[in-house]
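Open the model in your viewer and colour it by confidence. The stops below are given in the order in which to select them.

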Amino acid sequence: MSHSSVPERTTGSVITEWRPEDPAFWQQKGHRVASRNLWISVPCLLLAFCVWMLFSAVAVNLNKVGFNFTTDQLFMLTALPSVSGALLRVPYAFMVPIFGGRRWTAFSTGIMIVPCVWLGFAVQDPTTPFSIFIIIALLCGFAGANFASSMANISFFYPKAKQGGALGINGGMGNLGVSVMQLVAPLAISMSIFAVFGGTGVEQADGSHIYLENAAWIWVPFLVVFTLAAWFGMNELATSKASLRAQLPVLKRAHLWILGFLYLATFGSFIGFSAGFAMLAKTQFPDVNVLHYAFFGPLIGAIARSCGGALSDRLGGTRVTLVNFIMMAIFSALLFLTLPTATSAGHFGAFFGVFMALFLTAGLGSGSSFQMISVIFRKMTAERVKAQGGDDAQALREAATDTAAALGFISAIGAIGGFFIPKAFGTSLALTGSPADAMKVFLVFYVACVIITWAVYGRNSNKK
């Protein structure tokens with residue numbers, strides 16, 4: 001089988017010939033091109049998570065720089081980016097097959113500069129109304145949608161056998177952005193970095209200054225660099241092009257909605273806890289400066305996500321996901337024992353430890369449930385195309401398109417957890433003074449996921 005014209009068509013910004021399942025092609029060309037696209041995609045996605053979760057670090061400090069928002073309003077600001085992030089993941093999932101991965105990655109990375117610059121100016125003026133912060137929070141949500149297009153794009157580059165690992169690296173290191181932001185933002189706001197652009201800082205009672213604008217502006221130079229890197233360094237696969245109409249039938253599959261529910265419990269928990277943990281810890285343990293520790297949870301969850309994908313490639317996604325949900329239910333039950341009550345002051349060490357375990361399991365489950373989506377949809381679509389008389393090439397092409405669309409839709413469902421969890425904490429605190437009622441809801445949810453995973457995917461197959 002001769003492919004004398006392959007060199008011309010497997011290089012350049014648009015690649016017309018792409019056969020990742022062909023071992024010789026993968027060895028000679030495919031692996032190198034896929035790796036380059038993955039390693040430009042990772043920092044772009046990491047920055048997207050930094051911008052998406054900005055308010056989890058900014059909201060805690062708003063009242064210290066002259067604003068006067070209620071606790072419920074501050075929880076709302078941490079929750080809102082996940083609303084727009086979740087809703088926009090649906091159209092974003094379709095953008096790579098329509099516009100191409102290189103162009104879309106560059107565009108979606110570049111537009112994140114807008115909320116960062118705006119937020120930096122807004123926090124310096126204590127008369128900025130709450131409604132403006134709502135708009136900026138919703139604009140930060142655009143960054144959360146990047147996950148859907150980024151994962152769909154990377155899924156086109158890799159063969160089936162290597163997808164769990166590649167998506168685990170892209171998603172896991174992307175998720176790391178939450179931790180990077182929660183580590184960098186508190187350091188950045190303590191230093192005068194952007195005085196030349198008018199950042200003056202606000203003096204605190206102890207004589208120190210908070211430069212809250214730095215939490216937003218610190219990302220702008222990096223966004224510029226990686227927008228250019230995506231534009232000049234990434235590729236577009238002509239083979240991944242598909243119209244919106246070709247991608248929509250995936251919505252009719254029952255598995256899309258079942259897997260979406262499971263992903264809401266794993267990734268939704270990861271992003272929801274990331275958004276709400278600092279605010280929640282502040283309300284329960286006001287004496288502890290939680291911003292010094294907040295980055296640990298998302299760091300553990302992000303690393304665990306990469307492990308979850310790789311573990312699932314080896315042991316089967318269903319098995320890993322099932323064990324994981326059992327652990328999530330156990331840890332969320334343990335959390336009740338650590339909270340302050342009428343008779344006890346609570347225990348921050350235990351509270352922190354249990355929460356870290358929840359971050360760990362939410363991260364592992366994000367990787368394993370995402371791997372399940374990939375495996376189940378590829379298998380289902382390939383079988384359907386062959387049953388209709390299609391050949392192997394058509395089956396592979398449609399399976400890749402269907403899987404990418406499913407990954408995008410399901411990631412949109414999962415992102416809603418980023419709104420639901422902080423909002424549930426805020427509402428529970430406003431109504432009862434304790435987050436316990438919200439945690440009861442999460443516990444029931446995790447138990448339901450154990451039952452569904454076992455009933456739908458676990459019983460009929462030892463390894464899926």
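The tour begins with confidence and then moves to a group of charged side chains.

**Stop 1: the whole chain.** This is a predicted model, so begin with the colouring. The mean pLDDT of the protein is 88, and 95% of the residues reach at least 70.

**Stop 2: residues 1–10.** Select this stretch, where the pLDDT is below 50. Beyond near neighbours in sequence, residues 1–10 have 14 contacts in the model. Where pLDDT is low, the predicted coordinates should not be read in detail.

**Stop 3: the salt bridges.** How many salt bridges does a search of the whole structure find? The search returns ten. The next stops visit some of them, including the one between D402 and R253.

**Stop 4: D402 and R253.** Show both side chains. Their closest N and O atoms are 2.9 Å apart, and the two residues form a salt bridge. D402 sits in helix α16, residues 392–415, whereas R253 is in the loop between α11 (244–247) and α12 (254–284). The pair links distant parts of the chain, 149 residues apart. Is D402 buried or exposed? With a relative accessibility of 5%, D402 counts as buried because the cut-off for that class is under 20%. R253 is buried as well.

**Stop 5: E398 and R384.** E398 is in helix α16 and R384 in helix α15 (residues 348–387), 14 residues apart. E398 is partly exposed, with a relative accessible area of 29%. R384 is partly exposed too, at 28%.

**Stop 6: the four together.** Which residues do salt bridges with shared partners join into one network? Select R253, R384, E398 and D402 to display that network.

How values were computed: Residues are numbered from 1 along each chain as its sequence is written. This is a predicted model: local features need pLDDT of at least 70, side-chain atom pairs count only at pLDDT 80 or more; totals for chains, interfaces and linings use all residues. Side-chain values use heavy atoms; hydrogens and water are left out. A salt bridge is a side-chain nitrogen of Lys or Arg within 4 Å of a carboxyl oxygen of Asp or Glu. Helices (H or I, at least four residues) and strands (E, at least two) are DSSP runs, numbered from the N terminus. Buried means under 20% relative accessible area, exposed over 50%, partly exposed in between (1.4 Å probe, protein chains only). pLDDT is the predictor's confidence in each residue, from 0 to 100. Contact means heavy atoms within 4.5 Å.
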